[in-house]
Amino acid sequence: MNDVTKTTGPANAGPDEAGPQGRDHALPISVRSLTKTYGAFHALNDVSIDIRNGEFMTLLGPSGSGKTTLLMVLAGFVRPDNGSVKFGEREILLLPPHKRDIGMVFQNYALFPHMTVADNLAYPLKLRRVGKAEIRERVERALDLVQLGGLGDRGIEALSGGQRQRVALARAVIFEPRILLMDEPLSALDKNLREQMQFEVRALHDRLGITTVYVTHDQREALTMSDRIAVINEGRIQQVDPPRKLYERPETFFVASFIGETYRLPVEVADGKASLFGQPVRTDSPLGSNAARQTLILRPEMLHIDEGAPEADENQMTGTLRQSVFQGDSIVSYITIHGDHEIAVRSQHRSDRSLPEPGSEVRLSWLVQDTVILPGDGRT
Amino acid sequence: MLNRPATDTQVTHLQRLWLYVLCGLVIFFLIVPTLLVIPMSFSDSRYLDFPPESWSLRWYRAYFNSPEWLQATAVSFQVAFLTMLLATATGTLAAYGLHATRARSSRYMTVLLTLPMIIPVILLAVGIFLTFAPVGLNSTIGGLMLAHTILAIPLVMITVTAGMQNFDINQEMVARSMGASRPWAFLTVTLPQIRNSVMSGALLAFIISLDEVVIALLIAGGDKATLTRRMFLALRDEIDPTIAAISTLLIAFSVLMLTLSQILQSRK
Amino acid sequence: MTAADHQPDAPMNERALDRQARAEQRNLMALSLPAFILVGSLVLLPMGWLFWMSIYGADGFTAENYTRLLHPSYKKTLITTFELAFLVTGLCILLGYPLAYLASQLKPRMASLVLLCVLFPFWTSLLVRTYAWLVLLQRRGLINNWLMEWGLIDTPLKLVHNFTGTTIGMVHIMLPFFVLPLYASMKTVDYDLMKAASNLGASPVRAFWQIYVPLTLSGLGAGVILVFVLSLGFYVTPALLGGGRVMMWAMQIERSMAVYADWGAASALGVVLLVMTLGILWAFARLTGAIGATEGK
């Protein structure tokens, strides 16, 4: 991945560029109450979101969640029923796509097969009546930027999947758009190439400082690449937060279960205090709701099997060990909590520690700050 | 060989020999009678014997020395060329628009525009004659062009729509996102890629116009008679051997057009 | 969401968006306008006019043009027309179904060769093909000459300028229209079904009739309807190969108009032909549409 940094200078390093982080060139996006219905189906249901200047924002959600619809509204190819979209101070919802000044990368790249690589890249520049010499120069620089130097004369058919992806990327930024939109651009690549391209796309974003909206259904991709992630489900925005906060502090059951693995345990709340099967559970911030029935969200990697009493900053619960499975580097313990909740905990193998016998009572501890309690019983 | 199974249900080639023979005969029936006209056109006899007892170019000379036949040929090709231009332009525009729109009315429009393919030509001919009479378009090149264009529009639309279905519409969207207006994106990105379909449609339009008989019979009189009209009238009265020569030339032209269209299709 | 400045109840840009959506649809529909103007002025309006002429005579509204069609001579034309259309369609099934069946099973190269043989007549001028049959079938034509040379007949057979010649020529013209849609539907048949049927003990013949034929019914229907409807309104081939002895509906129209200048009769005949054609097509579309809908459920 180091070779990304070897390339010199941004593709669009015009005289007005403000260094590697051309934030003043980029634009924030402000979306207000977008609604789009197809018959009785709500593709977008009162969606509002602010995307900051130069931010890498990922729209994450299952298929049919509305994430692509939202992207297409930004691009101007889907007309919502109502709402508002501003790039900076300017309302653009009523502008046609070609006047929005956006770069766009499609899932299938949508390269023009009847043109060479260089002609593909020159297409947006010709539209802007850039001079011939400058076009040649900028195409060359853009090709270098995506490590395709010297391939300008190739036809599209002659390129590999990864190369096509890079051409599509270069074509989307060569005309210095202020906003870059990407619709699952890496989903057609194989796993290794996909992971490599994740870094390249992010590096390109950092170099150009362009406001980027990226659509994916792959949570790992979203967590790896984004400044912030907006989780979308059923046409509604569930939560917008940086990857880590989203993972550690899910605000809805959907977000908790869509990202990472979770266990759910019922807690009872009285007087602002939560208890799990009679045991008190502490949180580092006040509960968001006073409902009596709430749900504790636990992630397996946050739990560890404890020998003694909990530390001051820990919560603890007890359960019965059903079975331990030795897996070489780790041991997976299947623990039954309060009769009918089963939890699997992975712990590192240590030769100085013996395994508890099946049937014995074990204690599970986790940090107070990792404790997430959401109102409701978690059935969505 | 003949005892090997020919189908998944283990019917042998021998058991369905009758099928091969029948199909051979049907293909013979489809191809050979038409092709027989070619050698016969080189016969020296008025009765077009086969195989000809003596060969000659007599009937070709008759064609090329006849101002009437040449005039009719010129009219036919002029009309076919103009029809091709008009039908391809209007048909392609309509096919694109109807493909792109999601309006419910587009389905009705599609049905309306394919009506000329469904309505018997004799009725179209009568209707066009009636419409042209008050505006003086009967027996004019322009009138023939308009009449043939409505016959060709459905065919152009069908081929272009098929081409649009194979075209990745994301390409047009990406072009628009880069700053191309929709018409410009169509011209620079979409059209070059559905080019073969459009040209197939154009070929069909040309051949439809060239071969059209019934409308020409009713509306193309005088010095604007088309080749097919003259041929029809000549055939109805008596069998003029010159027609064998003209037919041979037309077959050669058809083969050329068919070859072109096959090349276009294989390149899709 | 930091959306303090927005009130969910206040629709934003709703009217402008709606206006734009309508404008876009309008612009796209406008692309069909040139084609529509042509078809509208040269097809739709004249058809309306034809209908008007058939019911409105010199003395106002009249059904006379239609009652006249009950005259035996018109009835004879109608019978001839349907006879020929049925006969041609039947022969097309007999000759075309085996050909499409074999072509759909051949290897791609052979199949495309066969299809080329079907397409060749399609691209050859109708008039040229009709002319070829005229030459072959005439009294001193090739076929009669050969038959006499071989001693099979003593006097020339009457093969043309009658119903026989018309039928032969029409089948030749219609066969490609029949084979092409049928071939397309046969290409989509899942042959595993045939294998399954024979595994279950069906004889090949039985598997063919009980599995294959029903599966190709939609293509067969399309071919049959196309050929039948085209035959009903056909003019050129019957006019030339029938030699004036085979009077088709379309010829009756032309004759009423050109020979007798009887616009009332011509228009009534035209309306009847139009109604028959569109009626058959509409019924077929409804039928297959209904079948398709129940299969989908």
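These legends describe close-up views of a predicted model.

Local features are given where pLDDT is at least 70, side-chain atom pairs count only at pLDDT 80 or more, and totals for chains, interfaces and linings use all residues. Residues are numbered from 1 along each chain as its sequence is written, while chains are lettered from A and ligands numbered from 1 in the order in which they are written.

**View 1. Confidence in the model and in chain C.** The model scores ipTM 0.87 and pTM 0.84. Chain C has a mean pLDDT of 85; pLDDT is the predictor's confidence in each residue, from 0 to 100. In chain C, 94% of residues reach 70 or more. Residues 1-8 of chain C have pLDDT below 50, and this stretch has 12 contacts beyond near neighbours in sequence. Two residues are in contact if their C-beta atoms, placed from the backbone, lie within 7 Å. Where pLDDT is low, the predicted coordinates should not be read in detail.

**View 2. Chain C against chain B.** This contact takes 67 residues from chain C and 71 residues from chain B. Helix 2 (residues 33-55) of chain C gives the most to the chain C side, with 13 residues. Helices (H or I, at least four residues) and strands (E, at least two) are DSSP runs, numbered from the N terminus. The chain C side divides into 52 nonpolar, 11 polar and four charged residues. Ala, Val, Leu, Ile, Met, Phe, Trp, Tyr, Cys and Pro count as nonpolar, Asp, Glu, Lys and Arg as charged, and the others, Gly among them, as polar.

**View 3. Chain B against chain A.** Here 15 residues of chain B are in contact with 16 residues of chain A. On the chain B side, helix 7 (169-177) and helix 8 (182-193) each give two or more residues. Helix 7 of chain B has the largest share, seven residues. By class, the chain B side holds seven nonpolar, six polar and two charged residues.

**View 4. Two helices of chain C.** Helix 4 (residues 72-105) and helix 8 (residues 163-187) of chain C pack at about 45°, with their axes 7 Å apart. Axes are lines fitted to C-alpha atoms, for helices over the stretch in contact, and angles run from 0 to 180 degrees between N-to-C directions. Helix 4 and helix 8 of chain C are therefore oblique to each other. Angles under 35 degrees count as roughly parallel, over 145 as roughly antiparallel, 65 to 115 as roughly perpendicular and the rest as oblique. The crossing of helix 4 and helix 8 of chain C is right-handed (near helix turned clockwise from the far one by less than a right angle; anticlockwise is left-handed). Their contact has 20 nonpolar, four polar and one charged residues.

**View 5. Two helices of chain A.** The axes of helix 3 (residues 117-127) and helix 5 (residues 161-173) of chain A come within 8 Å and cross at roughly 25°. These two helices of chain A are therefore roughly parallel to each other. Helix 3 of chain A brings A:Val117, A:Asn120, A:Leu121 and A:Pro124 to the contact, and helix 5 of chain A brings A:Val167, A:Ala170 and A:Arg171. This set divides into five nonpolar, one polar and one charged.
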